[in-house]
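Trainee: Please take me closely through one part of this model, and then show me how its surroundings are put together. I would like the cut-offs spelled out as you go.

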Amino acid sequence: MMGVESVPRYWRERRYRYRLIGSECKKCRKRYYPPRKVCLNCGSRELVEVKLAETGKVISYTVIRVLPREFQGLEPYVIALIELDDGTRLLSQLTDVDPEEVSTGIRVVATFRRIKEQSKDGIIEYGIKFKPI
Amino acid sequence: MRKVFVIGTGLTKIGEHWDRSLRDLITEAILAAVDDAAVEVKNIEAIYIGNMSSGYLQGQEHLGSLVATWLGIPGVAACKIEAACASGGAAFHQAYLAVASGQYDCVIASGVEKMTDAVTSDVTSALIMADDQEYVAYTGATFVGLNALVYRHYMEKYGVKQEKIAAFSVHCHKYAKYNPYAQFRREVTLEEVLRSPMIADPIHLLEAAPIGDGAAAVMLCSEDFLNKLKLEKKVEVIASTLATDAFSLYDREDITTLRATRIAAEKAYRMAKVSPKDIDVLEVHDAFSILGVIHLEDLGFAKKGEGWKLVEEGELEVDGSIPTNLFGGLKARGHPVGATGIYQIVEVAWQLQGKASKCQVDNAELGLAQSVGGVGGTVVINILKRVR
C-alpha cells in the first residue's frame, strides 16, 4: 500500500475488492465500481450495493515495465480498462496471459488473486484480477 | 474583480540538483521574481506554492510557513496548493483570485518539485497518487500506464499511427535547445523516440516528460500597486479558470478527450472575450506525446482525432499558426511537477514581452497556458495579454 502501511485501510475495502461489489443508481440504473453514495450520471443519492458482472471485454490495455516499489519483480504485467457485461467500467491487472497475446476487445473473466504484500513483514493483500476467457 | 498584472518572473534551471534542497530551489526562484519586478521582498503580502509530493518525497509538508521563513518574512499569508501535476497552475489561479478580489495587492505564485531525492520506483509511487489509490494504484497501474491506455485507445479510435503522435516529442526537443533553463537542450529524431525503451506500451521513454528538480515564481499585483510604486505595466492576466473532471478513467465515457480542458478553456475564452484563433502563443501540458496532441484538440485548435496534423504541418513552429511549447514543453524543458504550471506562465510572459530570444513569436499579444493534473482530473487555463 502506498503511503503509510495500514491494515484498516485494506480491511474496510475487502468486500468490494474480493467480491466485485459495486453500486447501482435506483433512478437511472447506472452502475459504478468502486461503489459510491452519489450518482455521477443523474445526481441521485439513492444508490444500492450490487454484485457486478464477472465477465467483460478489454477497452484498452498497457504493459507496465517501470513500476512502483511495492510491485517490483512482477514486471512486465498488463493493466486493462475493462467494460463489464453490465456496462460498468473498471481497471484491473490481467493474469494468466502473455502480454503479447492481449488485444483490444478480448473477453475476460474475474478471478480471485494475490495482489501484493505491504512489506516483508506486512499483510498480504488480495483482490480481483481478470483473465482471458 | 480588479485587473491583475504579472510584473516579475524567476526560474531555476530544471535538472538533477543533487546539491540543492527543495527550500533552496523555491527561495532562489521567488527572490529572482522579486528582483525582476524591481520591488522588495517586504512588499509580498501572500505566497502560493504549487507542489505535489513534498510530503512523500521529502517528508516535508507545511511549505507555506517554511518558505515565508526562508524568505525572511514570516507573518505573510502563505500556503501550499496541491492539484497533482496542475499544482503550479492552481497556485497561479489562487494568486490571481487573491489580487483580483481586492484582498491583496502584491502576491507570489510559485511552484517547486524536488524529485531526484528519490529513486525512480518511489517517484513512480508518488505520481500515481494523482489517481485513485484504492482502485487504480491498487491494481499495479502507474501514471504512465494510465496515459498509455489513453494513447492506445486514441490510435485505435481515430486510426492514427504512433509516429504521427510521437512527433510531438521531436517538436519540443527542437525548441528546448534554445532554452537555458531546460533539462534537455538537444534535439531528438523520430527514430530515436520510437527506438527508446518502452515504459508502458505504447509509451516510449522519449515520449514521456523526464524526472527533474526545479522551481519557478511570478509576482502578481494590482493596478493600485503598480501606480503607487510607479512600476511599468507589462503583462495582464485576462482569464484564469480551473475545472475538474471525473477522477479516474473508469468514470469517463470517452477517454480520448479531457473534459476539464474543454470546460476550463470555454470559460477562459469567454472571460477573456477571445477565441482560439486569437491566441498567438500556446503552452500545453505534454506530460506524454499523446497528451500534447489531445490538448490541441480539446483547446479548440483541431478537430478530435486531428491534433497530430498541426505537428506534421508545422503549425506549432515559431512561424506557424499556433506556436506551441517553444521552450521545450514538459518533454524537454522538463516537468518538476508542482513547478511546471509556473514555468509555462513565465514562458508565455516572456513571449509577450519580447524576451524569448530565438524562439520569439513576432508581435505576440495573447498567450494561453494549460496546466493538467492527473489524467485530466484537474485542468487550469490562464490567458495573458501584452500591455501596450
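**A helix and its surroundings**

Mentor: Just after helix 3 of chain B comes G72(B), which takes a positive phi of about 80°; helices (H or I, at least four residues) and strands (E, at least two) are DSSP runs, numbered from the N terminus. This is a predicted model, in which local features need pLDDT of at least 70 and side-chain atom pairs count only at pLDDT 80 or more, while totals for chains, interfaces and linings use all residues, and side-chain values use heavy atoms, with hydrogens and water left out. Residues are numbered from 1 along each chain as its sequence is written, and chains are lettered from A and ligands numbered from 1 in the order in which they are written.

Helix 3 of chain B covers residues 63-70, and L63(B), G64(B), L66(B), V67(B) and A68(B) are buried there, where buried means under 20% relative accessible area, exposed over 50% and partly exposed in between (1.4 Å probe, protein chains only). These buried residues pack against helix 1 (22-37), strand 2 (46-50), helix 2 and strand 3 (77-81) of chain B. As background, an α-helix has 3.6 residues a turn, so residues three or four places apart point the same way.

The loop between helix 2 and helix 3 of chain B holds Q60(B). Q60(B) counts as partly exposed because its relative accessible area is 28%. Residues up to four places away in sequence aside, Q60(B) touches R23(B), S54(B), G55(B) and L66(B), contact being heavy atoms within 4.5 Å. The C-alpha atom of Q60(B) is separated by 30 Å from that of F327(B), which stands 267 residues apart from Q60(B) along the chain.

Now for the wider setting in chain B. The domain assignment gives domain 1 (4-119 + 211-236) and domain 2 (124-209 + 237-386), with bounds that come from an automatic or database domain assignment. The C-alpha centres of the two domains of chain B lie 22 Å apart, and their contact takes 44 residues from domain 1 and 46 residues from domain 2. Between them the domains bury about 3500 Å², 69% of it on carbon and sulfur atoms; buried area is the accessible area (1.4 Å probe) that two parts lose on being put together, summed over both. L11(B), I14(B) and C85(B) supply 21% of the area that domain 1 buries against domain 2, more than any other three residues.

Across this domain interface the rule finds 0 salt bridges, a salt bridge being a side-chain nitrogen of Lys or Arg within 4 Å of a carboxyl oxygen of Asp or Glu. Polar contact, by contrast, is found there in 13 residue pairs (both at pLDDT 80 or more); such a contact is a pair of N or O atoms within 3.5 Å, where within protein one must be able to donate a hydrogen and the other to accept it, and residues adjacent in sequence count only if both atoms are side-chain atoms. Several elements of chain B, including helix 2 (54-57), strand 1 (4-11) and helix 4 (87-100), each supply at least two residues of the side of domain 1 that touches domain 2. Helix 4 of chain B gives the most to that side, with 7 residues.

In strand 11 (residues 378-386) of chain B lies T378(B), which counts as buried because its relative accessible area is 14%.

The area buried between the two chains is about 3200 Å², of which carbon and sulfur atoms give 56%. Here the rule finds 5 salt bridges, and in a salt bridge between the chains the side chains of D251(B) and R36(A) meet at 2.7 Å, N to O. The count of residue pairs in polar contact between chain A and chain B is 17 (both at pLDDT 80 or more). Chain A itself has 2 helices and 8 strands, and 48% of its 133 residues count as buried.
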